[in-house]
Amino acid sequence: MKKSISILAFFALCVLVHAQSDKKYFRKLQTQQQASSNLVSWQQVGPGMAGYCEEFWCHPTNKDVMMISPDMYNTCGSWDAGKTWHTIKDCDGIGKDLARVRKFTFSHQNPAFGYAITGTGMLYKTEDTGHTWEEIRKFKGRSAELTVDPSNDNNWYIGPGDFWNVKANWRHVNGQTRNFKNNVIYKSTDSGKTWKASKVGNFENLDVGRIIVDPTNGNNILAATSQGLFRSTDQGKTWQASAKGLPVNRPRDMDYHYNTKSKEFTIYLLEQTAFQGEGKTVSTKGGLFKSTDHGKSWHNISGNLALDMNQISSKALHNKYWNSLAFWFQTDVKTIRKKYPQLPTKVFDVWHRIRVNPNDKNEIYLSHNSKHDKAFLPGGAWKSEDGGATWIAAAREGKYWITGADNAYWQSRNNPVGINTTFAHLQPEIDRREEVWGNRFLEISADGKIYICLDQQVLESADGAKTWHQVDDNETAPVSKQWVGRGDSNLPGRFMLLETGKEDRYLLCSGEHGLWQTAPLGSYPDKMAVAVEQLEGQIHHGGSHSISAIAVHPNNPDIIYFLSYRQENRGKLRKSVDGGKTWENIATIFDADVPMHQRLVFQNSLLIDPVNPDNMYFCATKNTISEVAGPYAKKLTKGDYGFYRSSDGGYNWELSNTGFHDGVSIRRVFMDPKNSEVLYAAANDENGALYKSEDKGISWNAMQIPAEIQSVNSVYVDRNNQHIFIACGNEKATDLGAGAWRSKDGGKKWEKIFDLPFIWQCETSPINPNIITVCAALPPKTKEASKKLNPGAYVSLDAGKTWNKINNKLGQQDRIVDFKPDPYREDIFWCSQKGSGWAIGYMKGTKEGWSKK
């Protein structure tokens, strides 16, 4: 049902800013619109966790409070034990706060009070259990650890370094791959108001990974570092080595158990696995250790943790073992296999996390990251329930456990077999492949629930690791494969196609997780939610994971085309004739001699001529501004940048740059809604311009635009009144013509209707030209510009006279890559964020959800 909302009714809700045409108005807009109006409120659309996440924490005393900070720079909190998540970033800030938090820590005495430290050393404080955060200060260099004295929240400690960067900081026989100039630990004895540096040993490169303060005596502190284990008995004033009993003294992680009744304090330490040659094979030192004398001495509790690699039949796991060995000895696989050709009968994996159930000192969990941290054994998480005497692979997923080739060996170890994990949309791909992911984090809540992250999904176990279930998405009904996200998305959102020939179907593009469409809610209780189902990606073997642009045939909505920029089918045009059930590649437009995970070029504005659908167009953008960062192919072996046209339905393509200036970067192309032979192209390089073609893109001519404009990031033509809109600005915030501009006479005269330094997009409602949306980004290449920025989503309900910032509940307002009004309802908006998926925005007072099914 289409629904029109009276614009006059909405004016009463708006925070109005009176428009003027001069620069003073735009500076006024920046100062008056610092706070988002409550005109629109956003909520997540689509799958939850869909990317890498090494940062997840449970509150030490409140089982319902959790924090998560994935790798796409949104950070969320949950206050209902993970049932729902909400961004904790400042929606009215510049978007750089709380990015890649390395540690959240809360007081044991005052559960509402806590601190957070980012990898870049930014310290944040909360006094409301993590709902809001205040930036306190910046520490020099990088930071990896933050802890509080559990018996006295006046005392806080910060460990500098990059200890937990498993993608780049690997350990080998000579040390580790990254070293940082540091020899201190920071401490505060006044609840974080002031901090002092405490020197640890005589080292120049100290990477601090874990700090534990003795709950029985706050003077006793242990620090796990890249230079070994250290202990202080004077509250961190002085430090001494404390490695008695440790065979390697290169701790990877520590945890402790404290019995508040008996005052029993037990510390657990996970050693770095160290390989050493032993004839034609290797042996390993390392494993798990515990201390019951406050860290003075350590005792091995590894039990049967070591495995016999000869009993593992998987060639993939063998290859991971050889790669791990080669890296440890800093040589190549061929050399290491020749030197140590025999598989070891007892070998430790490369473990990186340990957690102990706070309610049971004998229930211990370990994890490894086989994809990024040189680990090689199966099992996403391992468990001991007898204090380390015996161990089982407790989280089992993928083809290795499905086929059960080595079941006899595992059963001989009293290890359960078969899979015990369930995922959301990732399930088909998980089942097709062997265990190649490993675990990314390991946490246990105050009530003993265990949380891990396998591949790109958070899993919870509430039964002591007997079973694991994803907790990022709610399925609308059993086996529907239609999902409503819980709010913790770190999906790379891309282009959204809202007019698809079917009013109840919107198509949503993503990076790494393919193509999605909106789906019926059915009996799902929250009628304001939006359900989605995957059309392409993990659902199909060999499916495309990274979609950049999409189009639907104007005469047949079941014919869909899309372009892919990374991973499977990159550089190809892919087609479906059955509404997305099956796909085929019909053209290869780009290629390069680089691995499949690298990006080729980003493609935008895939268009189909409604008069003659054999005519198709898109642009390959050289100056990428809203796309996910590299690595990129430095040299293409097929294809180039610019405007492409096809006259045979996408099977063959021709680069058509005639009339463009040299070195042009075309970021957006738009087809005139009244005449499909007329096309517009936005050039966003330093010589940016607006071009027009009247011959279907064969040749181009520059249009007259204000001379101060340096970069044109997008172009849009309103179908109702033919007004042309361009979005301008650059990454350096030096473009004097930055902002959103409008021409009412086909480009002869232009007026600036919105002004901020970097505008990515400006569009109007297809059903009401008075509704205009603007996406204001953050120029990342200048610190000075950030002082006057106000990024986010803006909407005007009166054709640009007044504007409202509508960032309410958006986690990445500085990285909105697509933002537009709903094509059928005036009270709904849609946006796509660079690292936290898609969102739907409802006008204040809206009571009817988007879906009618």
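1. No disulfides turn up: the count comes to zero. The rule asks for a pair of cysteine sulfur atoms within 2.5 Å. Bear in mind that this is a predicted model, where local features need pLDDT of at least 70, side-chain atom pairs count only at pLDDT 80 or more, and totals for chains, interfaces and linings use all residues. Residues are numbered from 1 along each chain as its sequence is written, and side-chain values use heavy atoms, with hydrogens and water left out.

2. Which cysteine sulfur is closest to that of C453? The sulfur in C53 is, at 5.6 Å, which is too far for a bond. C453 is buried, with 0% relative accessibility. Here buried means under 20% relative accessible area, exposed means over 50%, and partly exposed lies in between (1.4 Å probe, protein chains only).

3. C728 is also in no disulfide. Its nearest cysteine sulfur belongs to C762, 9.6 Å away. C728 counts as buried too, at 0% relative accessibility.

4. The aromatic side has 46 pairs in the structure. Rings of Phe, Tyr and Trp (its six-membered ring) pair if their centres lie within 6.5 Å; planes under 30 degrees apart are stacked, over 60 edge-to-face, and the rest tilted. Take F590 and Y644: the ring centres are 5.4 Å apart and the planes stand at 75 degrees, so this pair is edge-to-face.

5. Where do F590 and Y644 lie? F590 is in the loop between β42 (584-588) and β43 (602-608), and Y644 is in strand β45 (residues 642-646). The pair therefore ties together parts that are 54 residues apart in sequence. Strands (E, at least two residues) and helices (H or I, at least four) are DSSP runs, numbered from the N terminus. F590 is buried at 0% relative accessibility. Y644 is buried at 5%.

6. F660 and Y691 make another edge-to-face pair, with 4.8 Å centre to centre and 70 degrees between the planes. F660 sits in the loop between β46 (654-655) and β47 (666-671), while Y691 belongs to strand β49 (residues 689-693), so the pair joins parts 31 residues apart in sequence. F660 is buried, at 10% relative accessible area. Y691 is buried as well, at 4%.

7. There is also a ring cluster. Ring pairs link W351, W382, Y400, W401, Y409 and W410.

8. Two charges over rings deserve a look. R171 lies over the face of F163, 4.5 Å from the ring centre. K374 lies over the face of F327, 4.6 Å from the ring centre. The criterion is NZ of Lys or CZ of Arg within 6 Å of the ring centre and within 35 degrees of the ring normal.
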